[in-house]
Amino acid sequence: MSIASQIKEHMTVIGADGAPVGKVDGIEGERIKLTKDSTSAGFEQETHHGHHHYLPIGLVAEVEGDTVRLSATGANAAELFEEEA
């Protein structure tokens with residue numbers, strides 16, 4: 001079973017350090033789409049609110065229960081966000 005097929009809507013996404021990154025809104029191609037109300041690694045930065053962010057599936061280290069753990073820390077994952085066009 002592929003990693004992408006294990007990821008479901010509303011799962012919590014956390015960094016390798018346990019820092020919250022956001023919630024899954026869905027999978028689009030090879031990217032995880034985060035909900036619009038997700039924050040960037042727990043930081044309240046206005047530039048990250050109100051629109052979707054995407055993370056490459058390749059950053060996923062494991063999926064366990066309702067949690068997606070990334071191989072990057074929360075802060076590093078936030079730097080890798082791709083914003084919706």
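Author: From the N terminus on, the elements of the protein chain run α-β-β-β-β-β-β-α-β. That gives 2 helices and 7 strands. Helices (H or I, at least four residues) and strands (E, at least two) are DSSP runs, numbered from the N terminus.

This is a predicted model, where local features need pLDDT of at least 70, side-chain atom pairs count only at pLDDT 80 or more, and totals for chains, interfaces and linings use all residues. Residues are numbered from 1 along each chain as its sequence is written, and side-chain values use heavy atoms, with hydrogens and water left out.

Now the charged pairs. A salt bridge is a side-chain nitrogen of Lys or Arg within 4 Å of a carboxyl oxygen of Asp or Glu. By this rule the count is 4.

Take Arg31 and Glu82. Their side chains form a salt bridge at 2.7 Å, N to O. This pair links distant parts of the chain: Arg31 lies in strand S3, Glu82 in strand S7 (residues 82-83), and they are 51 residues apart. Arg31 is partly exposed at 25% relative accessibility. Glu82 is partly exposed too, at 32%. Buried means under 20% relative accessible area, exposed over 50%, partly exposed in between (1.4 Å probe, protein chains only).

Next come Asp25 and Lys33. Their salt bridge spans 4.0 Å, N to O. Asp25 is partly exposed, with a relative accessible area of 25%. Lys33 is buried, at 17%. Asp25, Glu28 and Lys33 are linked in a network of salt bridges.

Then there is Arg69 with Glu62. The closest N and O atoms of this salt bridge are 3.7 Å apart. Arg69 is partly exposed at 30% relative accessibility. Glu62 is partly exposed at 36%.

Now the core. A nonpolar core is a set of buried Ala, Val, Leu, Ile, Met, Phe, Trp, Tyr and Cys residues joined through side-chain atoms within 4.5 Å. The largest one has 18 residues, and Ile7, Val21, Ile32, Leu55, Val68 and Leu70 touch the most other members. Elements giving two or more residues to this core include strand S2 (20-28), strand S3 (31-34) and helix H2 (74-79).

Look at Ile7 itself. Leaving out residues up to four places away in sequence, Ile7 touches Val24, Ile27, Ile32, Ile57, Val60, Val63 and Val68. Contact here means heavy atoms within 4.5 Å. Of the 85 residues in the chain, 41% count as buried.
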